[in-house]
Each structure stands twice: as C-alpha cells, then as structure tokens.
Amino acid sequence: MKVSDILRVKGGTLYVVKPDDSLAQAMATMAEKDMGSLVVVEGGAVVGMLTFREVIKDVVKHNGQVAQVTVRDAMEKQPLLCTVDTEMDEVRRMMLERHARYMPVMDGSMLMGVVSFYDVAKAVVEEQSFENQLLKAYIRDWPQAENATDNAAG
C-alpha cells in the first residue's frame with residue numbers, strides 16, 4: 001500500500017498557512033476545522049509544519065499571549081516529508097522514528113496532502129482485516145484430500 005492510496009480515500013481538502021500569519025489565527029483555523037496540523041507554505045514551497053504540539057509549546061512559552069507570535073516562530077522548520085509513491089511501511093517507520101503525527105505528501109514540488117499517524121494506523125488495520133478475511137475464506141474452502149478420508153475409514 002502506498003501513500004497515494006490513503007490520499008485517494010481521504011479526499012483533497014488541504015489547509016495551509018503562511019509563515020508570517022499570526023499564530024492566533026492559525027490556532028483559530030485549526031480549532032474551526034478540527035485539524036491537528038497545518039502545512040506552512042511560502043512562495044509555493046513547503047517551509048514548515050504547524051501541529052498542536054508546536055502550538056502548545058508556544059502558548060506555554062509566551063504565557064498564553066500569542067497575539068504577536070507568528071507561525072514562523074512556532075512551526076517545525078524541517079518537517080518530515082514523503083511522496084505519493086512512498087510505501088506505508090516506510091511512512092510508519094519514519095513517523096515512529098521522529099515521533100511525527102503528521103506528514104506532508106509531495107509529488108515533486110507540489111503539495112498533495114497530509115497523512116496523519118491515524119491515517120496510517122487505519123490503513124494498516126484495514127489492510128490486515130482484508131488479508132485476514134482472505135485467509136479465512138481460503139481455509140474454509142480448503143479442498144479435502146481423498147486419501148485423508150480413506151485413511152480415516154480404514
């Protein structure tokens with residue numbers, strides 16, 4: 001399974017923020033849209049990632065006074081990136097190593113979406129469930145060997 005499979009199911013709605021936008025406005029967008037992250041874009045390029053983790057750190061750092069704080073001040077400046085062709089096992093490994101909950105997905109220089117750790121976990125569970133169903137169907141339809149019934153009768 002590849003990242004493109006998750007994005008196909010997830011849909012194409014994507015919210016971004018600029019680095020010079022206020023942190024307060026970014027927080028309002030995240031709350032209004034019920035999102036845990038925003039991709040930070042400048043001049044058409046991904047320059048950072050703002051997640052609830054960075055927001056909380058900056059709110060605490062500034063004692064709740066974030067009116068003058070910009071997204072640039074709070075964002076993760078070197079976000080973990082993947083491509084639409086990245087295999088899910090690799091995404092899972094990368095996210096676990098860096099403790100990343102969100103990862104922008106790129107196709108060349110174009111931002112295609114964001115996958116979350118939840119998206120990855122859900123895809124893994126669905127894939128395992130499908131494989132489990134196939135295995136159960138295979139076992140249920142297992143052909144009986146003729147000599148096995150002959151041995152049992154004898």
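Is F52 buried, partly exposed or exposed? At 35% relative accessibility, F52 counts as partly exposed, where buried means under 20% relative accessible area, exposed means over 50%, and partly exposed is in between, with a 1.4 Å probe and protein chains only.

Before I continue, a word on the basis of these values. This is a predicted model, in which local features need pLDDT of at least 70 and side-chain atom pairs count only at pLDDT 80 or more, while totals for chains, interfaces and linings use all residues. Residues are numbered from 1 along each chain as its sequence is written, and side-chain values use heavy atoms, with hydrogens and water left out.

How many aromatic pairs does the count give? The count comes to one aromatic pair, under the rule that rings of Phe, Tyr and Trp (its six-membered ring) pair if their centres lie within 6.5 Å; planes under 30 degrees apart count as stacked, over 60 as edge-to-face and the rest as tilted. The pair consists of F52 and Y102, and because the ring centres are 6.2 Å apart and the planes stand at 90°, it is classed as edge-to-face. F52 belongs to helix α3 (residues 52-61) and Y102 to strand β5 (residues 102-107), so the pair ties together parts that are 50 residues apart in sequence. Helices (H or I, at least four residues) and strands (E, at least two) are DSSP runs, numbered from the N terminus.

F52 also takes part in a nonpolar surface patch with I56 and V60, and together they have about 280 Å² of accessible area. Such patches are made of residues with over 30% relative accessible area and no salt bridge; nonpolar side chains (Val, Leu, Ile, Met, Phe, Trp, Tyr) are joined within 5 Å, and like charges within 9 Å. The areas come from the Shrake-Rupley method with a 1.4 Å probe, and for residues only the protein chains shown count as cover. V60 is likewise placed in helix α3 and is exposed, at 58% relative accessible area.

I turn now to the strand that carries Y102. Five of the six residues of β5 are buried, so this strand is largely enclosed by the rest of the structure. Two strands pair if DSSP finds at least two bridges between them. Strand β4 (residues 82-83) pairs with β5 in the parallel sense over two bridges, and T83 stands opposite M106 of β5. With strand β6 (residues 110-116), β5 pairs in the antiparallel sense over six bridges. There, M106 has L111 of β6 as its bridge partner. The hairpin of β5 and β6 has two residues between the strands, and in it G108 takes a positive phi near 70°.

There is also an open sheet of three strands, in the order β1-β2-β3, with mixed pairing. Its edge strands, each pairing on one side only, are β1 (16-17) and β3 (45-51). Strand β2 (residues 37-42) pairs with β3 in the antiparallel sense over six bridges, and L38 stands opposite L50 of β3.

Next, the charged side chains. How many salt bridges does the structure hold? It holds nine, where a salt bridge is a side-chain nitrogen of Lys or Arg within 4 Å of a carboxyl oxygen of Asp or Glu.

One of them joins R8 to D5, with the closest N and O atoms 3.0 Å apart. Both residues lie in helix α1 (residues 3-10), three residues apart, about one turn of the helix. R8 is exposed at 61%, whereas D5 is partly exposed at 28%.

In helix α5 (residues 88-98), D89 and R92 are three residues apart and hence separated by about one helical turn; their side chains meet in a salt bridge at 2.5 Å, N to O. D89 is exposed at 52% relative accessibility, while R92 is partly exposed at 28%. In that helix R93 and E90 are three residues apart too, about one helical turn, and their salt bridge is 2.4 Å, N to O. R93 is partly exposed at 36%, as is E90 at 31%. Elsewhere, salt bridges that share partners join D20, E42 and R72 into one network.

D119 is buried, with a relative accessible area of 13%. Leaving aside residues up to four places away in sequence, D119 touches I6, K10 and V114, contact meaning heavy atoms within 4.5 Å.
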